[in-house]
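Q: I would like to learn how to read side-chain packing from a model. Please take me through a few features in turn.

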Amino acid sequence: MKRIKFLYVVLFILSFSFLSAQNKIPLDHTVYDSWKDIENPIISDDGKWVSYEINPQKGDGWLFLRNCINNKIDSIRRGYAAKFSANSDFLIFKIKAQDDTIRKAKLAKKKDDDLPKDSLGILIFKKDSLKKTAKLKSFKLAKDNSTWIAYLLEKETAKKDSAAAKDKPVQDSTAKVKPKSKEKTKKKDKKTETGTLFLYNPLTSKTYQYKDVLDYSISDNGAFIGYITLKKDTTSDTTSVFIFDAAKEKSQMIFKRSGIAKKITFDTKGEQSVFIHSSDTAKAKSFNIFYWSGKSESAKCIVDTVNPGLQKGWCASENGEIYFSKDGAKLYFGTMPRPEKEKKDTLPDDEKVKVDIWNWKDTLIQPQQLSELEKEQKRNYLAVYHLKDNKLVQLASDEMQFVTPILKGNGNIGIGYSYKPYNKFLSWITNQYKDIYLVDFVTGNHKLILKKKQSIANISPNGNYIIWYEVDDSIYYVYSVKKEKSFPLTKDIKVNFWDEENDTPAKPDPYGLAGWSKDDKSALIYDRYDIWQVFPEGKEKFSCLTKGLGRKDSITFRYIELDRDAQWIDPEKALLLKGFSDKTKQESFYTTKLTAKENPKLLISGDYKFAMQQKAKNDDKLIWKKSNFNVYPNLLYSDFTFQNAIQLTDANPQQKKYLWGTVELVKWKSFDGKELEGLLYKPENFDAAKKYPMIVYFYERNSDQLNQYWSVRPSRSVIGFSEYVSNGYVIFVPDVKYGNGAPGQDAYNAIISGTEHILSKGFVNKDRMALQGQSWGGYQTAYLVTRTNIFKAAMAGAAVSNMTSAYGGIRWASGHSRMMQYEDGQSRIGGTLWEKRDLYIENSPVFFADKIETPLLLMNNDNDGAVPWYQGIEFFLALRRLNKPVWLLNYNGDDHNLKKRPNCVDLSIRMKQFFDYYLKDAPVPVWMDEGIPAVKKGKTSGYDLKK
């Protein structure tokens, strides 16, 4: 009887599974908004609490707080940008206005400043209470002791009868005020827009309130809160600076003058504070720096325009970062030439000359200068003020624009970089040259250490060594600051430290550094697979931290830094390494120590992608993710062993309702004999006896993405693998390996050989195949249809069709010349247009447009910052002239990959209709058959299918 019952149960389960599979439905364009993302996961310092957001692609999301001890979960609708207190006793976050409310305001044509504002939320754990406050501008927490919270609200939120000026607690900080009568208002100056500051203690509920606050800051230890007020009147503005003592709960005014102050900041201990001030009334202002210590009653000026350490005609910059060294002995800030006095505008716009003058001697071409104009207008140069000696030292300059301190500013030396002598080369090389300097922070002197190097130089944490990679001989070198000599570091290590898979004309980059050990004793350097420990002084022989396991088993090891504040790798602590298998594409986590004699210890491995999110600061608890094509990357919680992990989220349970698919790794030989890999995606319930339509997608190499989860979302430029497989398509994604000078032929050899390999398996309909690619993949698509007619249709996004005209084009987002793309970059021609004219023509699809028989859908957008959209126009007009079936989508004002969601949805629909028509014999949509005349633009989509 028991056996019969058991048999019934088994039959029931099998029947249920079969029916469930039969009831699954394919994905379509209506499901995008139901697919959610996990965003901003954080773990408290004590490891007991985890917070994360689950947000739909459009609409209102949720913020979750989970107690990992008792598994209690709290949720806040529309919460985001959460932070735990340093003491792990509360969570503070922002709350968005309802999506519908914002949408209605936009429909009412309200300006950005008038859209509904965020609110502030504070969840206090011990009280199990939630405090909300409307009209938030910003909030700040102390890094190490969050007893007090500071938050700034919109000005009108403040109570008129506030007792804040007298430091009396406010019982109700969110009371409503009567609406003001309508009156004409001047355009808001956001730089001088003030609000009402609240200082709130979540544990005692005490609140202090201060009006007209422009800027504020909290010391890392939470001992002091500084804030700046700005009061405006018809004659002049008055700015005041206050320091709130958290222990005494009292505010002290340390500064009051006409003008404006900003950028108040504290040292680590909260014993010193600085801010900048200007009394200039002009728009471009000259600033001085004022200093306060806990022992003084008022702030004093330490940097002004006549300071002996400052260059003549220079001043402190409002655009530079201002901060103390960790030990509080130094103050770092930016300097700049004093702003020129603004000339009175005496001409109307129609009488002004507006011209860009391109000069062959310019180090940067005009488009790049214009692209970087705002950055240049705000450029400032690092300086240091030695507080004990009252001495200002200029560190950076116009010739050496970048200087990096060491030891969080404590050191007396640093490293400087100068790119300026080689800026002109940016037009035709991808890896910029630079000069490297050793900078003395006491005298300001700088010594040239390396000249015209392409590799980034790295200074050790304590400043004893500078390490760099020589691209010419593929060796790492080290410069001893003390001995003033250079030594080869990796000369005797018989492995390659350069990118072994590099296939562009540029010299290969190194794999890079993992970091330095304490006291600068050793550095960790990556090769393709392993991590090497090298000793700058040569007193100890180099060693392989991963014991050669990486190269032996084709596993790439990389170091994962878990301590957000670490300056070096502690030899006494366990290290976390991430592994990736070239053979199986599995990922893994290992642990080892710098001093370990045995192989790294395997912690976890599997057919997944692993993503480390965060470690608790004061505990061994971690939050991380694992995923593959079928498994969404939900959030997991465990200790350092990764065992017995708790799944915290189930963001997309609806996936079970839909047909999905499988992915597998495939291998074959290209026409030119190269060993290649690719990915093959098959529909769920795949039947090898059937014939499926297939789309071939490609971009460089993708086989390492075997375990990538592809979320269901509207396309920015490429087909959605999950969506197409769900709808009965086979997707093939071949890797392409390139040489120099023949990128089109290399693509043909790899992609067409791979396609033939898949065809040989017998389950693909050879008359129902298509190509799809974007950017470089779009170019390859455009090229391939000039060489073969085996594809029924093709879609090419942001494709270059004419290398001869694209060579002289501009990447408009950066303003860079496109020459470098061809001479030593991705386009892989390996020379100039005049040196290798034939190769430019041979690899340009537009010159062979007459060979094309494949219907082609193009997307080239008029605000594409990478590929000029006229590349699409050239190709479209050539094919149109030849009476070939071709369509061009230009999403007005959108980018290389679409950014605007409505456009993404539209592209997804049109691309699917295009492929369905050619590969599934679906009815033709109106936009393909008849087009959309300009007079109907925006009035009709043309999605309707013709009978």
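**Reading charges, rings, cores and a helix**

A: Start with a charge over a ring, where NZ of Lys or CZ of Arg is within 6 Å of the ring centre and within 35 degrees of the ring normal. The charged end of Lys131 is placed over the ring of Tyr200, 4.8 Å from its centre. Likewise, Arg787 lies over the face of Tyr748, 4.3 Å from the ring centre. The model is predicted, with local features needing pLDDT of at least 70 and side-chain atom pairs pLDDT 80 or more, while totals for chains, interfaces and linings use all residues. Residues are numbered from 1 along each chain as its sequence is written, and side-chain values use heavy atoms, without hydrogens and water.

Q: Which residues have the most contacts inside the largest nonpolar core?

A: In soluble globular proteins, nonpolar side chains tend to be buried together. A nonpolar core joins buried (under 20% relative accessible area, 1.4 Å probe, protein chains only) Ala, Val, Leu, Ile, Met, Phe, Trp, Tyr and Cys residues through side-chain atoms within 4.5 Å. Here the largest has 54 residues, and Val50, Ile695, Ile719, Ile731 and Phe915 have the most contacts inside it.

Q: Is helix H7 largely enclosed or open?

A: Of the 17 residues of H7, 13 are buried, so the helix is largely enclosed by the rest of the structure. H7 covers residues 743-759.

Methods
Buried means under 20% relative accessible area, exposed over 50%, partly exposed in between (1.4 Å probe, protein chains only). Helices (H or I, at least four residues) and strands (E, at least two) are DSSP runs, numbered from the N terminus. The expected span of a helix is 1.5 Å times one less than its number of residues.
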